[in-house]
Amino acid sequence: MLRTVSWLMRAGAYAFIGLHTFTGPPAGPGAVTLAVVAFALGGLALLLWELTHALGDEAARRAPRMRVLLGAAAALSGYASAFPHAGALIGLSLMAVMHLGTELSLPVGWAVAGCTVVALETGVLVAGASRGFALGYPMLVALVLVASHNRRAYRIRAEQSAAMLAQSELLRAEQRRVAVLDERTRIAREIHDVLAHSLGALSIQIQAASALLTDHRDIDRAVTVLDGARRLTADGLAETRRAVHALRSDLAPLDQELTTMADTHRQRHGVPVRLRVEGEPSPLPADQALPLFRTAQEALTNAAKHAPAQPVEVTLSYEDEHMTLTVDNPLGAPPSPRRAPAFATVDGGYGLTGMRERLLLLGGTLDAGVRDGQWRVRAEVPR
C-alpha cells in the first residue's frame, strides 16, 4: 500500500514537471528539444525503475543498467534545467538522486549527485543562468542526497528490526516446542515410574496369592493378599492420575512422603521398615524431591522382590550442599523348597537405570551394589 501511494506521488510530480515545463513560453528550438529528451528519458528511467522494484528490492539492487539509466537521466535533466523555462526539470534529477541514494550504496549516490551537479553547472555556463541558480540547485541536490541516505538508514534499520522480530518469533516458537516436548517427557517418565512400581508390587502380591492357594491351600491369607493387591491397584491408578499432572501439584515434604511409603511397605509385605532422617528437614523443589521419592519406591520394590521378609532401612540426609537417600536391606537367601519362592516382576530390571538417568539430569548420582553384606541403593542430588 505504501509503495503504491509513493508511486502515485511520483507520477503526480512527473506530470506536474511536464506541465510546468511545456506550458510556458518557448525557449528556442534547441532548448525545447533538450527539455523533451530529458523529460522523456527521466520518465522512462523512473518507470523502468518502478517495474524493476515490482520484481523485488533485491532485483533492483542488482540491475546495473538501471543505475546507468537513472544517472544519465539525472545528469541530462540537471543540464536541461539551467535553460529558461525548464527549471522544473531539476525535479527529475532530484527523484533519480533520491532513488539511487536510498536504494543503493553511498558511493553510487554520491557519484550520481556529483555528475548531476557538474552537468547542472555546465548548463549554467552554456545557458548563462543566474548565480543564484548556480548555487541554489547544487545545494538542493546535496540536501536531497543527504535525505535519501537518512531514508536508506531508516529502511535498513526497519529491515533489521523486522528480521530480528522474525527470529524472535522463531525462537519463541522453538522454545514453546521444546517446553512441550520437555513436559511430555516428564509426564511419560512419571507414568513409566508409577507403572513400573505399581505393576511390580502387584505382580508380587498376585504371585504370593497364587503360592498360598496352590502350595499351602490357605484361602484366608490368599484373600487378604488379593485384597492388598486391589488396594495397590487403586493406589497405582491414583498415582498415575497425579503423574499426568507431573510436577504441577507438588509433593508433600519428602520426609513425610517417605514415612507414608515405609508404612505402606510394612503393611503390604509384613517386614520391618526403619526410616531415619538426618539433618534439618527443608523443602525441596518438586523436580528434586520427585526423583528421590521414585528412587525409594524402586528400591523398596526391589527389596520385596529379591529379599522378601528381610528388614529395610531408609535414611534421608539433609546436608549443606546436597541431599542423600540410602536404602539398605540384607541380601536375600537362595530359595529353598521350604521357603516361598522369589517372585519375578514385569519391570525387566531397568528401574534403577531410569532413576540414574533422571538424577543425572539434575547433576545427581545413583549407586547400587553390595556394601558390608547388604544391598545398598544410594541417591544424591545437589541442593
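Trainee: Helices (H or I, at least four residues) and strands (E, at least two) are DSSP runs here, numbered from the N terminus. Where does D372 sit on that scheme?

Mentor: This is a predicted model, so keep that in mind throughout. D372 is in the loop between β4 (365-371) and β5 (374-382).

Trainee: And what's its phi like?

Mentor: Positive, about 55°, although D372 is not a glycine. Most residues other than glycine have a negative phi.

Trainee: Is D372 buried or exposed?

Mentor: Exposed, because its relative accessible area is 78% and anything over 50% counts as exposed.

Trainee: Which other non-glycine residue has a positive phi?

Mentor: A309 is one, with a phi of about 70°. You'll find A309 in the loop between α10 (286-306) and β2 (312-318). A309 is exposed too, with a relative accessibility of 65%.

Trainee: OK, switching to packing. Which residues touch the most other members of the largest nonpolar core?

Mentor: That core has 37 residues, and I17, L70, L89, L92 and V97 are the ones that touch the most other members.

Trainee: Which helices supply at least two residues each?

Mentor: α2 (29-54), α4 (64-80), α5 (90-103), α6 (106-127) and α7 (131-216). Among them α2 gives the most, with 8 residues.

Trainee: Let's zoom in on L92. What is L92 in contact with, sequence neighbours aside?

Mentor: Skipping anything within four places in sequence, L92 contacts Y14, I17, A38, F39, G42, L46 and S77.

Trainee: And what does the second core include?

Mentor: That one is separate and has 29 residues, including M261, L316, L325 and L352.

Trainee: A loop residue, then. Is A88 buried or exposed?

Mentor: Buried: its relative accessible area is 16%, and buried means under 20%.

Trainee: How many aromatic pairs are there?

Mentor: The count is 3. In one of them, the ring centres of Y14 and F39 are 4.2 Å apart and the planes are at 10°, so that pair is stacked.

Trainee: Why would you say it ties parts of the chain together?

Mentor: Because Y14 lies in helix α1 (residues 2-22) and F39 in helix α2, so the pair joins parts that are 25 residues apart in sequence. Y14 is partly exposed at 22% relative accessibility, while F39 is buried at 16%.

Trainee: What's the geometry of the F22 and F39 pair?

Mentor: Edge-to-face, with 5.4 Å centre to centre and 85° between the planes. This pair also links distant parts of the chain, with F22 in helix α1 and F39 in helix α2, 17 residues apart. F22 is partly exposed, with a relative accessible area of 37%.

Trainee: So which residues end up in the ring cluster?

Mentor: Y14, F22 and F39, linked by ring pairs.

Trainee: Last one, the surface. Which residues make the nonpolar patch?

Mentor: L44, L47, L48 and L51 make a nonpolar surface patch of about 330 Å². L47 is in helix α2, and its relative accessible area of 42% makes L47 partly exposed.

Methods
Residues numbered from 1 in each chain as written. Predicted model: local features only at pLDDT ≥ 70, side-chain atom pairs only at ≥ 80, totals over all residues. Heavy atoms only, no water. Core = buried A, V, L, I, M, F, W, Y, C linked by side-chain atoms within 4.5 Å. Buried < 20%, exposed > 50% of the residue type's maximum accessible area, 1.4 Å probe, protein only. Contact = heavy atoms within 4.5 Å. Patch = residues over 30% accessible without salt bridge, like charges linked within 9 Å, V, L, I, M, F, W, Y side chains within 5 Å. Areas by Shrake-Rupley, 256 points an atom, 1.4 Å probe, with all protein chains shown as cover. Salt bridge = Lys/Arg side-chain N within 4 Å of Asp/Glu carboxyl O. Phe/Tyr/Trp six-rings, centres within 6.5 Å; stacked < 30°, edge-to-face > 60°.
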